[in-house]
Amino acid sequence: MNKKPRSLIRIIIPVVLTLVTIALIVWPMLAGGQYVVLDPKGPIGSSQRDLIVISTILCAVVIVPVLILSAVIVWRYRDKPDNKAAYEPNWAHSTKAEAIWWTVPIIIIGLLAIVTIRYTYDLEPSKPLASEKAPVTIQVSSLDWKWLFMYPEQGIATVNTLNIPADRPVKFELTADSPMNSFWIPQLGGQIYTMSGMAMTLYLQADHEGQYWGSGANFTGEHFAQMRFDVNATSEEDFDKWVNDVKQQSQPLTQETYNTLAEPGTSNVAYYSSFPEGLFQDIVTKYVIDGQGAHSKHGGSADEASGAKESTTQDVDKSAN
Amino acid sequence: MLERLKEFASEFFVTGDPLIYGADVAIGITMITIVAVLTYFKKWGWLWRNWLTTVDHKKIGIMYIIASIIMLFRGGVDALMMRLQLAMPNMDFLHPEHYNQVFTTHGTIMILFMAMPFMFGLFNVIVPLQIGARDVAFPFLNALSFWLFFLGAMLFNLSFVIGGSPDAGWLSYPPLSELSHSPGVGQNFYIWGIQISGIGSLATGINFLVTIIKMRAPGMKWMKMPMFTWSVFSTCIIILFAFPILTVTLALLFLDRFAGAHFFTLDLGGNPMMYINLIWMWGHPEVYIVVLPAFGVFSEIVSTFSRKKLFGYKSMVFAMLIISFLSFFTWAHHFFTMGSGADVNAFFAITTMLIAIPTGVKIFNWLFTMYRGRIRMATPMMWTLAFIPCFIVGGMTGVMLSVAPADFQFHNSYFLIAHFHQVLIGGVVFGYFAGLYYWWPKMFGFQLEEKLGKWAFWTWNIGFYVCFMPQYAVGLMGMTRRLSTYGWDTGWWELNFVSTIGAFLMGVGFLFQVAQIADGIRKYKSLKASADPWDGRTLEWSIPSPAPEYNFAITPRGDDVDEWWEEKERRAKGIYPPEQPLEPIHMPKNSAIPFVMSIFWFIAGFGFVFGWLWMAILGLAGVGICMIARSFSYDTDYYIPVDEIKRTEASLRGSV
Ligand code: HEM
Ligand SMILES: [Cu+2]
Ligand SMILES: [Cu+2]
């Protein structure tokens, strides 16, 4: 008689605590905020979202049963005087059982590995996207603590804001005039590092018009938190119009302005009607001696990088003509 | 003159922040109190003889653990400060500069000065007892390792009040950590704090490898070793191969900063990416260094508290050895986004996933150890049971991160932060807590009361999920790590706010633990522990709590994994081992050299930090003299006579 209420409390307290915990976790997940990674607006982001979903399901197939199994085992074999479950203190080996739990993870990981390899080659960032339209090239430099975007084909430049035409591949060429950062627009696709002495390539595309969140993802010092930018994906006409506006309404980016810009500090959004020829290439090779790239040997991207450099020079030539 | 002194002082001491002045005052008061208490109670001699010069593995272990709990406090305060700063958008509690220092010291301290020494503490206290040895293979070196760790950690912590803290992240990527971007002395503190304690870590690794290989009790074949000892063995193998990489990497970085070299600089052919490869060639194995012993602890506890043999012993050993091997081939998963190409990324993605297989097998074996057992819910077992789901989920998000193209979206985001805290807290910290509770009576000779311990357990666990689950979500919302602040327009604040609540709950959990220990110390006389309070299975439970300084009066045999359990069964059947005559026991003598030598290392490190060559040379000369002094000291050991052993045993065991 005396025992009953106590054991009831012992059940109620954990249940209440669990519910409170879950509520605390779930409430903010529903409020505000946008799950940008799970709400992609371009082909790369979509494939990555699919991959996230596939890998989550594959993992969940194993871990959900295991979680349930753990709970059941702990409950069933707890030390209670009246527990009638079997007790076999010396049962410590079973080849059959162990074979099962070596095999199950091997199969799951095997499947996941196959999927991963396929996607790794498919989504290699320097691989051009399939599209009838020619990509637009944008040269990205991470500075301390702002982003500089140069549009070699349009001949303009911006700071901390990025405009792209929707529904057309964008070829980003990326470098840094500062410690290594990482260029990330979650709704379009995954990030890539920006590094001095090296021109990385990243193809992305926005399928829809809209404004997307972009930021630096790799820590670069004091005002790293200020390194964010909006990405405005617009129609082709609006993009051209915007380019014209920038050309007409802003000052050119001269070598001197660039030098000031490159000094450590934060910056507002800025637009430039032109930029010095070959500036991107200069930034890439700023610290490189005699063409001996500091990272000229760099896994699979070495050729990519030098390829990028060539095309960069061409692009710049084109826009200068 | 006075002016120059003032100017020097304002650069030498960190100034201008009330938090730091507060810390200065707190440190000052603590120091004075310690000195006053020691003097008043005339405890200086006791401190010197019993602790500062000891070579006893059990005392060294205890000192490691005390130091690591202090560091847990420091790292935890850092964590709470960060969480406070992130609780709301546009908070003005920590300036970016401070925020950067705080996450850097938090990460470095938690991994290198909290997890590592906690782990070494458990090694020290338990491994010799578990394998039936009188001490470790090299007791003098063991003491030296401890003092190197301790003074390295002190040097690192000093940066808080003198010179300024490092702020380039816990792995200090160049060029950010180079002179060009971090001109202050903070980075030097980072380098020398880690270097000095790193020598100690490497030496400990070697020491325990030799101890386990050479000093096992007669009859204890490899496959009869307790699982914790196996985990220590696997970890020490990793230490042996990984720590030299760290030492060399940091030495090169120091040459860049100190001697104008260009290994990792931006200019003149330096290659920062080389550093990133090197540091992760140590860094990834490092996380397995700290987690494998936790696996060992869980194995012991699961079996003891289920009153059942550990399931799948051979699989467990095999799994652990594979993990230590594979841990060296996954480092590039920390920079899938550095443009290494699809071949490289695919390779490292697969090797990373492979580790999930042996880890999964271990989980199944723990579960089936409980299956058909009898599970007792004492605090060590509760932490173990909390570990299992936490690690399963953390392991799952780890596998998700290893899917290279998906990691392009997770990398550097709060999703990653949530993942590694889940495995580091749920795996490593829970594991060491479990070990501490489990072996507490063996270390100190009294039991802790469970009540406060259970409060601590629940607040820690609830706090953990409330803190870190929202971080997975906010990562998917695009929040990147190491952000000192964020705007209202991001939509991140609810999640961050809840996360902060969780962090403070964990802080409360820590306070409960402190209260539990304080309460235990107050009542220790009434809480006296027997030799075998948990009905244990391995040899450490066959000797009194706390263990006498020579551990085993008679060298035990180790014919079975659960030797002590088997022995108890035999005794229950009335079969007693044959009486053996006692013999004098050979013991190492105390030595002041490890302590003194480490002080000289500290002086040398301090000199290097500030570029004061005279001081560095002075310190190194002191180190050299200590080495010479040690080479010429022949009076390093003694024998405990049989009479004294008899007296000790009689007083400890009563009539047994
Ligand atoms: C007690 C609860 C803890 C809380 C609330 C906490 C919180 C945090 C926070 C807020 C950050 C900074 C995230 C950022 O700004 O990027 C961080 C980073 C980190 N934490 Fe913890 N932490 C805790 C425990 C631990 C433990 C136990 C470990 C290791 C054993 C650990 C290892 C790290 C590491 C390595 C970093 C990365 C530092 C860096 O970015 O350089 N933390 N933690
Ligand atoms: Cu590179
Ligand atoms: Cu890793």
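Predicted model: local features only at pLDDT ≥ 70, side-chain atom pairs only at ≥ 80, totals over all residues.
Donors are N, O and S atoms within 2.8 Å of the metal (3.2 Å for Na, K and Ca); water is not among the atoms, so sites may look incomplete. His284(B) sits in helix 9 of chain B, and His334(B) in the loop between helix 10 (313-326) and helix 11 (342-370) of chain B; the pair, 50 residues apart, links distant parts of the chain. Helices (H or I, at least four residues) and strands (E, at least two) are DSSP runs, numbered from the N terminus. Both His284(B) and His334(B) are buried, meaning under 20% relative accessible area (1.4 Å probe, protein chains only).

Residues are numbered from 1 along each chain as its sequence is written, with chains lettered from A and ligands numbered from 1 in the order in which they are written. Local features need pLDDT of at least 70, side-chain atom pairs count only at pLDDT 80 or more, totals for chains, interfaces and linings use all residues, and side-chain values use heavy atoms, leaving out hydrogens and water.

The copper ion (ligand 2) has Met198(A) (SD) and Met273(B) (SD) as protein donors, at 2.1 to 2.3 Å. Met198(A) lies in the loop between strand 7 (189-194) and strand 8 (200-204) of chain A, and Met273(B) in helix 9 (residues 272-305) of chain B, so the pair joins two chains. Both methionines, Met198(A) and Met273(B), are buried.

Chain A holds an open sheet of 5 strands, in the order 4-10-9-6-7, with mixed pairing. Two strands pair if DSSP finds at least two bridges between them. Strand 4 (161-165) and strand 7 of chain A stand at the edges with a single partner strand each, so one side of each is left without a neighbour in the sheet. Strand 6 (residues 181-185) and strand 7 of chain A run antiparallel and are joined by 4 bridges. Asn181(A) has Thr194(A), in strand 7 of chain A, as its bridge partner.

Ligand 1 is surrounded by 22 residues, each with a heavy atom within 4 Å of the ligand. The closest are Tyr99(B), His106(B), Trp170(B), His421(B) and Arg482(B). A polar side-chain atom of Tyr99(B) lies 2.6 Å from an oxygen atom of ligand 1. Helix 14 (414-444) of chain B gives the most to this shell, with 7 residues.

Notes. Buried < 20%, exposed > 50% of the residue type's maximum accessible area, 1.4 Å probe, protein only. Polar contact = N/O pair within 3.5 Å; in protein donor to acceptor, adjacent residues only side chain to side chain.
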